[in-house]
Amino acid sequence: MTLRVLADSVLADGGVSGAVLAYLPSPARGVWQLGPFPLRAYALCIILGIIVAIWWGERRWRARGGQPGAILDVAMFAVPFGLVGGRLYHVATDWQKYFGAGGHPVDALKIYQGGLGIWGAVLLGGIGAWIGCRVYKIPLPALGDAVAPPILLAQAIGRLGNYFNQELYGRETDLPWGLEIYRRVGDDGQLDMMNGGSTGVVEKIVHPTFLYELLWNLLVVLLLVYVDRRFRIGHGRLFALYVAGYCFGRFFVELMRADEATKIAGIRINSFTSALVFLAAIAYFVFATKGRETPEQLQPGASPRPWPWQLRALRAAAAAPTEKSSGTGEFEKAGSAADAAGTGTSAAELGGHPDGSENGSAKTNSGTAASDKG
């Protein structure tokens, strides 16, 4: 649909004077029917964001020296946990929509209608990633640093879904970039703002807060990439910067929101969450281990890596020792490409210093292994 132009022009003294304001239009609909199946823009945006995050995260992980395929393996745990956590947070903080007067509890399961709380997604998604990293013997903080910018880019892509759903907008405004909210009706002619089609009637002009957050996310993504390349930080500190940066912007976006939300002392609960998580992220960044992991530290100790649904193989992989107990300190044959190639193990594999020095294992055995002084 073309931009709705509000023009107020008068003809005076042979000339035209006036003011023209062009508001941003909302999509005519957010759902298209493919036979009996609804194709929802919100779901497509979420899926696209996940694909982009895995693809870019894999490239960043391999650039750090990590094993190919590790990001997808861990994502098989993290993504389902994150979706469940995001939905649980949304339902918990907006419970009155589902369990209050006139609410329908079954709607809490309709994730396709929108409503994913990022903090719940990060919390449970982090738990899922922790499980995956435990299984595959991958350092979680290093993996978090690799996927931090891709996750935030995925969030920006997901915000486009809110645009199609006509949700997460702010108070009414007359600014030129105000967003038109259209009245939508279903096939039965009844009002259906979520699933219906636009009638062309503009109900109100509002702040596109979803767009503000999207642009802020993209800015933070660029800053994270710059900081990572310039200072090469590690041990989860880049992930902490991602969390802090997102929360800083989200705090101010929440102040502009006008939709119903649970409040504490007249302040939206998401504003409290943003502030508290921001402080926690900054504290982690300040006190966490400095420096950056070496490529040797990113390699898993068990291979091949089973899929999440291979429960017996997962238990075996998680229980498998990283090193032999015979005192030689070699990795198990299943996890050692060097053994398979018949070339022996490197000094780092023998428990020595990460820089590969020949006397590394002796230092380790004598209890004087070098620590990360970052």
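Reader: At what angle do the axes of α4 and helix α7 (residues 237-256) cross?
Author: The axes of α4 and helix α7 cross at roughly 165 degrees and come within 12 Å. That makes α4 roughly antiparallel to α7. Angles under 35 degrees count as roughly parallel, over 145 as roughly antiparallel, 65 to 115 as roughly perpendicular and the rest as oblique. Axes here are lines fitted to C-alpha atoms, for helices over the stretch in contact, and angles between N-to-C directions run from 0 to 180 degrees.

Reader: Is the crossing of α4 and α7 left-handed or right-handed?
Author: The crossing of α4 and α7 is left-handed; that term applies if the near helix is turned anticlockwise from the far one by less than a right angle, and right-handed if clockwise.

Reader: Which residues make the contact?
Author: I118, W119 and V122 of α4 meet F239, Y242, Y246, C247 and R250 of α7. Contact means heavy atoms within 4.5 Å.

Reader: What is the basis of the model?
Author: This is a predicted model, in which local features need pLDDT of at least 70 and side-chain atom pairs count only at pLDDT 80 or more, while totals for chains, interfaces and linings use all residues. Residues are numbered from 1 along each chain as its sequence is written, and side-chain values use heavy atoms, with hydrogens and water left out.

Reader: How many helices and strands does the protein have?
Author: The protein has 12 helices and 8 strands. Helices (H or I, at least four residues) and strands (E, at least two) are DSSP runs, numbered from the N terminus.

Reader: What share of the residues is buried?
Author: Buried residues account for 40% of the 374 residues, where buried means under 20% relative accessible area, exposed over 50% and partly exposed in between, with a 1.4 Å probe and protein chains only.

Reader: On to the rings. How many aromatic pairs does a search of the whole structure find?
Author: The search finds 11 aromatic pairs. In one of them, the ring centres of F77 and Y136 are 6.2 Å apart and the planes stand at 70 degrees, so the pair is edge-to-face. F77 lies in helix α2 (residues 70-93) and Y136 in helix α4 (residues 118-136), so the pair ties together parts 59 residues apart in sequence. Rings of Phe, Tyr and Trp (its six-membered ring) pair if their centres lie within 6.5 Å; planes under 30 degrees apart count as stacked, over 60 as edge-to-face and the rest as tilted.

Reader: Are F77 and Y136 buried or exposed?
Author: F77 counts as buried at 11% relative accessibility, and Y136 counts as buried at 1%.

Reader: Which ring pairs form a cluster?
Author: Ring pairs link W216, F248, F251, F252 and F278 into a cluster.

Reader: And where do charges sit over rings?
Author: The charged end of R230 sits over the ring of F231, 5.0 Å from its centre. R237 lies over the face of F285, at 4.3 Å from the ring centre. The criterion is NZ of Lys or CZ of Arg within 6 Å of the ring centre and within 35 degrees of the ring normal.

Reader: Turning to G86, what is in contact with it?
Author: Leaving aside neighbours within four places in sequence, G86 is in contact with G115, L116, G117, G120 and A121. G86 is found in helix α2 and is buried, with a relative accessible area of 0%. G86 and G117 are 4.4 Å apart in space, C-alpha to C-alpha, and 31 residues apart in sequence.

Reader: What about the phi of K137?
Author: K137 has a positive phi of about 55 degrees although it is not a glycine. Most residues other than glycine have a negative phi. K137 is found in the loop between α4 and α5.
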